[in-house]
Amino acid sequence: MVATALLWFAAALTAASAAPAAADGLAPSPSPNPPYVGDTTRTERIAEALHGDPLFVDPEAAEFVGAEERGELADLIAGADHPVYVVVAPSTPYDESGGDRELFLHAVRHAMGEDGDGVYIAAAPPDLGTGPYRLTTVLFGVPVDEWAALYPEDAPDPPADDIPTAQGRLLAQQVATVLEGVDTAPSAPAESPVPLAAPEPSTDSGFVPEEPAAGDYTTDLGPGLFVGALLGGALLGAVAGIAALLRRRLRVRPVVAPEAERHLPESLRARRAPTRPSHRRLVRMLDTELRRLTRELAGTPHGHADHAAAVAAYDAAMLIRNGGRDDQWLVGGIVMVRAARAALTTPEPDSGRAFCLANPLHGAALEGRAATRYGKPTVRLPAKGPQGAVCAACHAVAGLDRPLTGRVLRLRSDGEWRPHYLADGFWTATQYGRRIPDLPRRVLKELDAD
């Protein structure tokens, strides 16, 4: 941690020493007015790419974002309540914005044009390839309380500095935290912020210093003691902060063993998911899963054992999507379509899936040997919840005797967020289709459409 702090301090000194270079023509000259940067070549290229794909990964940062994590980021962006644009690119004092990522996002949004409102996230990879990204988020025309969205009180701890950036898929974790804050923030009038202008240095103040008198040395003693006390308090605060960071770094973190999910298809392995999704976000998540199922059905022969069941799952999910069903039905439709997609990737007939009872959107639950090998086969859920099987990630948290309160899916009911398993209905009664091989047919019958 001390070494990391020294690195950050050295980087700050480097940035400060680079500032005068602008006068020598070695660095661009950013401005608080459009187009905000001296050279718009890169921002225009990024804006053009964002029109086709809201996730842009600069070639210089490609090694930090793997294919699997790009898929996770695409899911997060598609499931957000508002348009989201994520730009993964290095940030240095010598780039077009002088290392100011907020100004850089203003320049990108300006190049996007009139249809560029949304959540803009700039992610600068860490220099050494380990630890979290340096994220900067700006909300343009998003009707939420910006302070509550970007600085929530219950924000989770950032990833540790010693976790490999790409291997730990840290960007997906950080973006999920940002979007969760935006999607759950209270509504407010939409605004488009203006970048702060750097104060112009004064070259002539007209101040002429006076020669100190003998009495000045004694009269300055009180302020000196006061300033010394302030500096001492600041030093103690810094020591306390470093101690807190060390405690957090030394804390044991839950780890999902790779072999725990080897028996599961890729689409059902544990993933990050919203804990308080809005109705609109769930609809967009279901739309994304339906598009994927359509593509996989087109590439699967009709003779596949689960082809007919996958078609039935598509039909049932469309009825849920267009039938004005509540949020729990939307969650059920999402997990049903994911199970159908997973069944198409295996040659054996699907015998039914069990989904994480803490949050079905996480993925499949660990059962049998896969669960008992890494802990208890079932977990008691908080808020007087049932005892059931959970996904590998929740299993790892529970294995450290930590509560799953922050991982439980909550749905809005009667104006308040409640754990999903406390609601009555088809999906809670069946535990989201647990061990029901003909789940799509059962859903169609429940919808009176079979």
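Analyst: What follows takes the labels one at a time. The model is a predicted one. The protein chain has 15 helices and eight strands, and buried residues make up 42% of its 450 residues.

User: Why is glutamate 72 called buried?

Analyst: Buried means under 20% relative accessible area. Glutamate 72 has 15%, so the label applies.

User: What makes glutamate 72 and arginine 169 a salt bridge?

Analyst: The cut-off is a side-chain nitrogen of Lys or Arg within 4 Å of a carboxyl oxygen of Asp or Glu. For glutamate 72 and arginine 169 the closest N and O atoms are 2.6 Å apart. Glutamate 72 is in helix H3 and arginine 169 is in the loop between helix H5 and helix H6, so the pair ties together parts that are 97 residues apart in sequence. Arginine 169, with a relative accessible area of 26%, is partly exposed.

User: Which residue pairs with arginine 292 in a salt bridge, and at what N to O distance?

Analyst: Aspartate 75 does, at 2.0 Å. This pair links distant parts of the chain, with arginine 292 in helix H9 and aspartate 75 in helix H3, 217 residues apart. At a relative accessible area of 15%, arginine 292 is buried; aspartate 75, at 22%, counts as partly exposed.

User: How do you know that arginine 338 and glutamate 289 form a salt bridge?

Analyst: Their side chains meet at 3.1 Å, N to O, and the limit is 4 Å. Arginine 338 belongs to helix H11 and glutamate 289 to helix H9, so parts 49 residues apart in sequence are tied together. Both arginine 338 and glutamate 289 are buried. Salt bridges with shared partners join Asp75, Arg271, Glu289, Arg292, Glu296, Arg338 and Arg341 into one network. The structure holds 15 salt bridges.

User: How do you know that the length of helix H10 agrees with its residue count?

Analyst: At 1.5 Å a residue, its 16 residues should span 22 Å, and the end C-alpha atoms are 23 Å apart, which agrees. Buried residues of H10 include His307, Ala310 and Ala313. The buried residues of H10 pack against helix H9, helix H11 and helix H15. Just after H10, glycine 324 has a positive phi of about 70 degrees.

User: What makes phenylalanine 226 exposed?

Analyst: Exposed means over 50%. Phenylalanine 226 has a relative accessible area of 55%, so it is exposed. This residue lies in helix H8. Phe226, Val227, Leu230 and Leu231 make a nonpolar surface patch of about 420 Å².

User: Is histidine 82 buried or exposed, and why?

Analyst: Histidine 82 is buried, because its relative accessible area is 13% and the cut-off is under 20%. The residue sits in the loop between helix H3 and strand S2. Leaving aside neighbours within four places in sequence, its contacts include Val119, Pro143, Asp183 and Arg284.

Note on methods. Residues numbered from 1 in each chain as written. Predicted model: local features only at pLDDT ≥ 70, side-chain atom pairs only at ≥ 80, totals over all residues. Heavy atoms only, no water. Patch = residues over 30% accessible without salt bridge, like charges linked within 9 Å, V, L, I, M, F, W, Y side chains within 5 Å. Areas by Shrake-Rupley, 256 points an atom, 1.4 Å probe, with all protein chains shown as cover. Helix = DSSP H or I, 4+ residues; strand = E, 2+ residues; numbered from the N terminus. Buried < 20%, exposed > 50% of the residue type's maximum accessible area, 1.4 Å probe, protein only. Expected span 1.5 Å × (residues − 1). Contact = heavy atoms within 4.5 Å.
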